[in-house]
Amino acid sequence: MNKLYSILFILVLVCPLGLLAQSSEPTITGIYNNTPATDVFASWEEQTSLQFFYQREWVDSLKVSGTFEQTLISEALKSIFSNSTLNFLIYENRVILTNNAVIVTETALITSGTKQPEEVETIRKGLVFGREYLNQTQDQSDLENFVFEIGNRTQLNSGTATATIAGYVKTQESDEPVAGALVYIQNPLKATTSDESGFYTINLPKGKHQLMIQYVGMKTTQRNVVLFSNGKLNVKMDVDVIALQEITIESDRDENVKDVQMGVNKIKIEEIKTVPIVLGESDILKIATTKAGVQTVGEGAAGFNVRGGKADQNLVLFNDAPVYNPSHFFGFFSVFNADAVSSMDLYKSGIPAKYGGRLSSIFSINSKEANKKEFHGQGGISPITSRLTLEIPLIEDKTSLLIGGRTTYSNWVLSRAKSASFRENKVSFFDVITRVDHEINDNNSLTFSSYISNDKFRLNSDTLFSFSDFGFHNINGAMAWNHRFGNNMDGKFSATYARYGYELTYDESLPNAFTQDFDTNETSIKGDLEYYIGETHKFSFGASMKHYQINPGSKKPLGGESIILPEIVPEDQGLESAIYFSDKYEYNEQLSLYGGIRYVMFNALGPATVYNYEPVLPKNGDTRTDSSTYSAGNIIKTYHGPEWRFSARYALDNASSLKLGLSRTRQYIHTLSNSASLSPTDTWRLSGPNLKPQVADQVSLGYYRNFSRGTIEVSVEGYYKKLQNLVDFKTGSTFLLNQNVEQVILQGPGKSYGLEFSVNKSGRLNGWINYAYARTYIKLDGDFAEERVNEGQFFPTAYDKPHTVNLVANYKLTRRLSFSVNATYSTGRPVTVPVAAFNFKGAQNIHFSDRNAFRIPDYFRVDLGINLEGNHKIQKLAHSFWSLSIYNLTGRDNPFSVFFDVKNGEVVGSQLIVFGNPIPTLSYNFKF
Amino acid sequence: MKRRSDYIALLFLSVLLACVEPYDFDPQSYEKVLVIDGAVSNQEGPYTVTLNYTYPLETNQSESITTAKVWVEDGDGNTFPYTFTKQNTYSSPDGFRAETGKKYALWVEMPDGSRYRSDSQLLQAAPLIDTIYGKYAELPNENEDQNVGGIQFFIDANNSDSNAKYFRYEWEEAYKIITPYPAQFRVADDSSIVPLDTAIGICYQEGASNLLIYGTSVGNAGNQILEFPVRFLSESQQQLRTRYSILVRQHAIGEAAYLFYKRLRENNESGGSLFDQQVGSVYGNMYAVDNPDEAVLGFFEVAGVSEKRSFFDYADLADEINRPPFIYDCFLISGVITTPDSAAYYLNITGGNIYSYLETSPDSGMPSEVGIQSKTCTDCSFYAEITPPDYWIE
């Protein structure tokens with residue numbers, strides 16, 4: 001402090017008052033003609049004992065012209081800085097250059113020499129907002145009252161009337177980015193939010209502003225700024241320890257009304273606490289299914305159906321790398337450890353142009369970025385699983401590691417069961433999430449993340465599995481480099497790898513023992529750039545390239561006695577390349593527009609042998625005519641086309657808006673599945689000469705309105721989707737090890753439409769309720785009877801559930817105790833049922849109805865959850881909470897499926913009920 | 001079903017508590033379709049063709065078709081007209097025997113003139129079955145809620161010199177029943193105890209498969225079929241109690257037939273897992289000649305057949321298996337030990353039979369003893385045959 005004062009004092013004495021003619025002051029000599037200032041300073045340093053201190057970018061563009069003959073250094077500097085924002089200070093043997101720092105020095109003058117009214121007067125003249133400075137502090141530790149100068153002072157009155165501030169919002173304690181922080185000024189009201197990396201940009205009128213920064217769970221902070229021209233301002237936020245009681249500030253409160261994006265659900269990990277959990281595991285994907293437009297075919301069904309889309313039409317991204325099978329334990333658990341996940345964005349329509357490759361939706365899940373300052377951990381124990389996640393700073397403020405693991409010990413419990421059929425089943429899984437973040441500097445950061453999961457089971461009594469052991473795995477890695485190009489442009493360059501595979505083993509009969517596997521590998525590189533032209537206008541553009549390699553199945557004998565011959569279905573390879581450009585533009589207060597185009601090219605690559613078929617006959621072994629052979633890397637077939645993404649928002653008033661969206665999506669990789677839900681043995685295949693890409697066009701329209709100052713959000717969205725080349729199959733076909741899948745695949749058009757009403761409420765009683773009316777149909781009308789299903793008419797798909805109602809409510813009784821309830825109702829899904837029996841070879845057989853002509857009984861379930869948190873002392877070693885949940889409180893028998901078997905020569909109808917009883921689970925969770 | 005678990009731990013394993021309950025299905029529509037079921041083989045005829053219609057689920061009656069014309073046409077254009085024999089069944093003419101290496105097709109003309117025909121198929125010779133053998137195995141019981149031990153019978157077929165790759169199997173079985181207390185005596189008219197004329201305590205029961213069993217040697221080295229499961233008998237079934245005989249018939253069929261049977265059976269056993277396959281009607285190789293869109297169910301099978309019979313004694317079976325208990329409870333205390341004078345009375349009131357007669361000499365002072373047991377424990381003739389089948393070997 002003293003030192004500062006002494007500098008200031010000298011400044012007062014020396015610099016502004018021109019009391020410079022001290023005999024000790026060095027002089028310089030030189031003739032310059034457009035010489036860079038840095039060279040000039042260097043020569044002056046040589047001539048004198050002075051040292052120059054400055055930031056290079058301030059003087060980069062400064063050229064010196066003129067002749068100096070034994071000129072006092074201060075005179076010389078004055079003359080060359082006369083047209084710049086630079087100022088200087090000569091202190092002892094140092095020349096310190098400052099950019100616009102005249103204000104700081106003059107402020108100091110005021111505070112240190114307020115008894116010199118004359119000087120104050122001078123300063124006021126030079127300043128626009130002089131009065132403010134009298135009350136402000138120069139104390140750098142009191143940032144809230146400090147005055148930040150942004151931009152070049154001289155441009156205050158030149159050029160545009162507004163300027164842009166950009167910067168990062170990060171946490172004080174760990175330097176992690178704060179995504180979704182609200183940055184705003186109150187008068188006139190202008191606001192923006194920070195993106196995933198904490199980056200924000202806001203366009204404001206030039207001049208003085210009080211910039212407010214808010215985020216849930218963080219202390220609201222403010223910055224006094226004087227905005228001269230475009231510039232940067234980074235903000236650190238403190239964790240709000242008091243916020244445990246109640247959080248009323250939401251950065252995205254008006255986002256549903258204000259944002260041009262529609263059909264999106266942003267789910268924060270905090271919301272997990274508001275939904276009762278099942279089997280002791282919080283699951284962010286399960287929360288998605290309580291939102292309008294997202295359905296599952298039943299308990300234990302892996303995969304989701306978004307707005308009438310098939311389960312393979314969802315792209316699940318974990319840190320930007322796709323996860324092909326996002327379920328453990330047949331879909332009872334999601335593969336994502338909730339402790340290591342920070343948020344999920346689910347796009348149902350209006351998918352931004354930077355995403356592509358799947359028809360229906362994007363589930364973009366981000367893991368947490370570990371704390372860079374302190375070691376933290378989080379975990380939980382339940383009767384089936386336990387998990388632990390650690391946040392480890394490796395280099396303080398620079399590098400951090402997140403590692404999270406989860407495993408199940410149900411085998412241990414199973415082996416203690418006395419009933420034979422339980423004992424014979426074996427199920428186990430684990431998953432590990434790791435993430436390393438490294439901040440190189442303000443403008444560059446690196447992220448490495450990986451995800452590994454593994455499931456194994458041995459099922460004794462499942463009728464479908466004719467094998468004994470089954471295992472599947474996801475391996476997933478992503479590497480990203482975030483770079484900031486100046487104040488207006490952000491870039492992200494990443495490389496990802498994703499693998500999903502399964503292997504099955506049959507060893508019950510030694511002569512017939514075999515192992516069989518499937519795997520898909522996807523490697524991609526991409527670059528995404530965002531260019532901010534002020535806060536109302538943003539360009540995004542980029543390119544990506546993705547290589548697929550799929551082993552559709554290979555079978556090998558197991559053991560020396562086996563007579564099984566090795567069999568390999570040849571690999572599929574493909575290259576998917578895309579470029580995109582989009583523009584988000586806020587035309588005025590009312591109208592905001594988003595337009596994007598994505599152009600995708602897909603090449604099916606060799607090596608391959610492609611069979612040709614008689615054009616006028618159904619494809620089968622007899623109608624195969626000849627084959628074409630392609631060598632490695634040769635292009636077999638190319639598909640390409642544009643995908644447009646358009647949305648518009650029109651604000652009706654401050655609290656309501658209308659939005660419209662139009663989009664096209666294409667898909668080049670498809671699952672071949674002949675069961676209603678996603679089954680672990682589904683195989684993925686690439687488009688090729690005999691498997692066309694799927695295409696979807698969606699138009700959606702929505703009305704959004706907020707009540708009670710944004711604590712109640714209401715929306716109505718309607719959509720219509722037209723689909724082409726949906727993949728289906730001839731009844732009774734098998735895909736496992738099928739060498740000629742084109743002979744059993746059927747492709748046909750589809751249509752989906754629906755209307756979704758949702759109400760969200762925040763506050764002490766919070767939650768959401770929604771109703772969706774949704775229909776989805778497919779038509780399989782080939783040229784031959786065997787290629788037609790249901791006489792070639794549109795028929796409901798197996799996941800067509802017209803009415804769905806979801807209610808999630810959470811009530812905080814006290815700070816520590818909260819109750820939550822979840823209720824779900826939906827129409828039963830369609831099934832194919834017998835319409836007649838017939839005798840054949842001495843037994844009764846079933847003759848079936850048209851496909852999906854009937855429905856199973858409706859689904860209804862209520863779950864209850866109670867969370868009890870430990871005490872809230874800040875200094876406690878670890879925070880913990882107990883969570884009790886009861887799944888299916890009423891014990892209703894919800895059939896998962898209805899099926900018909902012939903038993904002892906008679907047709908018998910049965911229903912499969914997954915959770916027919918209330919399931920209580922108690923789990924303990926902790927955090928330190 | 002609300003299964004109460006005794007184990008708290010299992011409460012949490014609700015995944016595995018998933019259960020299957022009966023479902024009362026109310027059929028809302030009925031579709032009447034012609035079903036044609038026929039076969040020819042290189043075994044001796046007569047071969048039959050049955051014509052049926054599908055019938056509503058809750059009924060069991062199928063409409064009779066008695067006046068259709070049915071014939072088989074071979075690859076050379078010869079036709080073999082069938083004649084109506086009994087309910088829905090038509091039989092091949094005398095002297096018609098299909099031969100390997102020839103093609104056959106089935107034709108049906110309904111009384112209204114509509115004609116149906118099958119694909120023409122080649123009759124392939126079937127390879128021989130080498131061995132039939134049993135091994136101990138545990139498989140889910142009928143309710144699939146727990147495993148039961150039993151004997152799985154397998155066949156091995158070394159198929160190296162045959163082109164046949166797809167097979168359908170049928171089995172016929174017979175087993176010997178020995179009641180715990182075989183009836184030996186009866187009460188003669190003069191109240192004396194005399195031996196029975198025919199033994200009724202030892203019988204033979206026959207059965208046949210009614211399930212589609214199919215297999216393929218595709219993907220197996222040397223085109224062989226090893227350890228192919230044909231029949232499972234749990235240790236609670238009577239077949240394994242004394243002596244058991246099984247005949248396995250191997251039909252060499254074409255790929256189309258194999259796929260048809262496979263899909264038909266998958267339809268019949270569709271459910272119970274989380275990943276049920278899509279079911280739907282399965283059509284075979286019969287077509288309506290004049291109206292290609294008309295649905296016809298069923299199949300005309302042309303197959304070479306080989307067969308093999310084996311016998312198994314309980315003592316020869318795997319050690320792990322427990323001997324199946326006799327189907328009826330036969331405790332000694334439930335029987336009666338009495339004197340010859342009272343035997344007729346007891347036989348009258350119990351309906352049983354005499355399994356033992358201990359005749360003492362009048363000098364001994366001890367009365368003669370007659371052992372009587374219930375009918376079910378002494379006599380099997382009321383539910384099984386007392387004469388062994390022709391092929392029976394002890």
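Me: Which elements of chain A do the buried residues of α2(A) pack against?
Reply: This is a predicted model. The buried residues of α2(A) are A:Ala37, A:Val40, A:Phe41 and A:Trp44. Seen down the helix axis they fall within an arc of 95°, so they line one face of α2(A). That set packs against β1, β2 (51–53), α3 (56–59), β3 and α4 of chain A.

Me: Which exposed residues does α2(A) carry on the face turned away from its buried side?
Reply: The buried side of α2(A) is formed by A:Ala37, A:Val40, A:Phe41 and A:Trp44. The face turned away from that side carries the exposed residues A:Asp39, A:Ala42 and A:Glu46.

Me: Is A:Thr389 buried or exposed?
Reply: A:Thr389 is found in strand β25 (residues 385–395) of chain A. Leaving aside residues up to four places away in sequence, A:Thr389 touches A:Asn337, A:Asp339, A:Ala340, A:Gly377, A:Gln378, A:Gly379 and A:Gly404. The cut-off for burial is 20 or more other C-beta atoms within 10 Å. A:Thr389 has 24 such neighbours, so the residue counts as buried.

Me: What distance separates the C-alpha atoms of A:Thr389 and A:Arg406?
Reply: A:Thr389 belongs to strand β25 of chain A. A:Arg406 is 17 residues apart from A:Thr389 along the chain, and their C-alpha atoms are separated by 8.6 Å.

Me: How many bridges join β35 to β38 in chain A?
Reply: Strand β35 covers residues 591–605, and strand β38 covers residues 635–653. One pair is A:Arg598 with its bridge partner A:Glu643 in β38(A). The two strands run antiparallel, and the bridges between them number 15.

Me: How many residues lie between β38(A) and β39(A) in their hairpin?
Reply: β38(A) and strand β39 (residues 656–667) run antiparallel, joined by 8 bridges. A:Ala648 stands opposite A:Leu660 in β39(A). The number of residues between the two strands of the hairpin is 2.

Me: Which strands of chain A stand at the edges of the open sheet?
Reply: The sheet has 5 strands in the order β15-β22-β23-β18-β19, with mixed pairing. At one end, β18 (residues 314–318) and β19(A) run antiparallel and are joined by 2 bridges. There, A:Leu317 stands opposite A:Pro322 in β19(A). Each edge strand has a single partner, so one side is left without a neighbour in the sheet; these strands are β15 (264–268) and β19 (321–322).

Notes
Residues are numbered from 1 along each chain as its sequence is written. Chains are lettered from A and ligands numbered from 1 in the order in which they are written. This is a predicted model: local features need pLDDT of at least 70, side-chain atom pairs count only at pLDDT 80 or more; totals for chains, interfaces and linings use all residues. Helices (H or I, at least four residues) and strands (E, at least two) are DSSP runs, numbered from the N terminus. A residue is buried if 20 or more other C-beta atoms lie within 10 Å of its own, exposed if 12 or fewer, and partly exposed in between; C-beta atoms are placed from the backbone. Two residues are in contact if their C-beta atoms, placed from the backbone, lie within 7 Å. The arc is that of the directions from the helix axis to the C-beta atoms. Two strands pair if DSSP finds at least two bridges between them.
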